[in-house]
Amino acid sequence: MSTHARSPAAGWSWLKQAVNIGRSNPGAVFGAVGLLALVALVPSVIQFGLQSGLGLGPTASLGVMAACTLLMVVVYPLLIGGLLRVIDAAEHGRPTRAAALFETFQAGHGAGRLIGFGVVMFVAYLVLFVAVVALFGQGFFDWYMELLSASTQNDPAAQAKVMQDIPDGFGTMMALGTLAGLFFSGIYAIGFGQVALAGRTVGSALADGIAGTLKNVLPIALLAVAAFAGFLVFALVMVLVIGLLATIGGLVHPVLAVLLAAPVYLGGLLVMYVVMFGVMYFMWRDVCGEATPLPPGQVEL
């Protein structure tokens, strides 16, 4: 299966289609994204609970963070694969439901390939991150440990002081990290689509992801600019609406303020997740073309 080069305007098209995603089966798409968000939140809850309940120091906190990250390296690819299949079914009018998100956890649904691709991407990202930090972020790890220590102590003054002592080269490191993030996002979207929806092997999906991203640098860049601008507008509207509801509720009771504002905040996060994964799906579909779903357990050679 070959990849295709699209015009720069395709980046805007992916975002526009993603905003309209789920119209044929909103219950399945939004429900699946909501379930994914809940599962992805579990490691953070565990990490916060252990840090708060046991009063862990910086080193122990970093260990807990690493363990939770490794857990999600295995679980998250299965969730993404399941979600892409739910979206694909909804977009083609096939019957599906939110709980179909978890079908990738069952035998014969390509779990090994999904996990394999996720692990490869995680290792590649980790290697690149370490290389960038080693070249341009001298002192970054020491600074981060100080920041982590200050955050575990719940000392705003200490945190503010650490934030003022940002190491040299941090700006360059962040700029390179942003560019690398754009490149990896293209590989991630195209590659996961190939594994989950086209039945490609890990190696083939990775090659397709790299080739498809290199062919579509301009539309991906336009997508990033449009998504950033859209996020700013969306965030501004959300802040105004949430602030208004919290103010109105606060006139009666603080609990009412939370009850009014929380659903809007959570709903906004859900919409952002839906659009994000929608972009991922439509990028894959446009770059790789329509793929005929393979039976569970089969891969394309």
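The text below takes up a helix, then ring pairs.

This is a predicted model. Begin with helix α8, residues 202–215. The helix has 14 residues and reaches 20 Å from its first C-alpha to its last. That is close to the 20 Å expected at 1.5 Å a residue.

Which residues of α8 are buried? They are Ala205, Asp208, Gly209, Gly212 and Thr213. These residues lie on the same side of α8, because they cover an arc of only 125° around the axis.

What covers the buried residues of α8? The cover includes α4 (111–136), α7 (170–197), α9 (217–250) and α10 (254–288). The face of α8 turned away from its buried side carries Gly203 and Leu214, which are exposed.

Now turn to the rings. Eight aromatic pairs turn up in a search of the whole structure. One of them joins Phe183 and Phe184, with ring centres 6.5 Å apart. Their planes stand at 85°, so this pair is edge-to-face. Phe183 counts as partly exposed, because its relative accessibility is 31%. Phe184 has 14% relative accessibility, so it counts as buried.

Tyr281 and Phe282 form another pair, with ring centres 5.2 Å apart. Their planes are at 75°, so this pair is edge-to-face too. Tyr281 is buried, with a relative accessible area of 1%. Phe282 counts as buried at 3% relative accessibility.

Finally, ring pairs link Phe117, Tyr188 and Phe192 into a cluster.

How values were computed: Residues numbered from 1 in each chain as written. Predicted model: local features only at pLDDT ≥ 70, side-chain atom pairs only at ≥ 80, totals over all residues. Heavy atoms only, no water. Helix = DSSP H or I, 4+ residues; strand = E, 2+ residues; numbered from the N terminus. Expected span 1.5 Å × (residues − 1). Buried < 20%, exposed > 50% of the residue type's maximum accessible area, 1.4 Å probe, protein only. Arc of directions from axis to C-beta. Contact = heavy atoms within 4.5 Å. Phe/Tyr/Trp six-rings, centres within 6.5 Å; stacked < 30°, edge-to-face > 60°.
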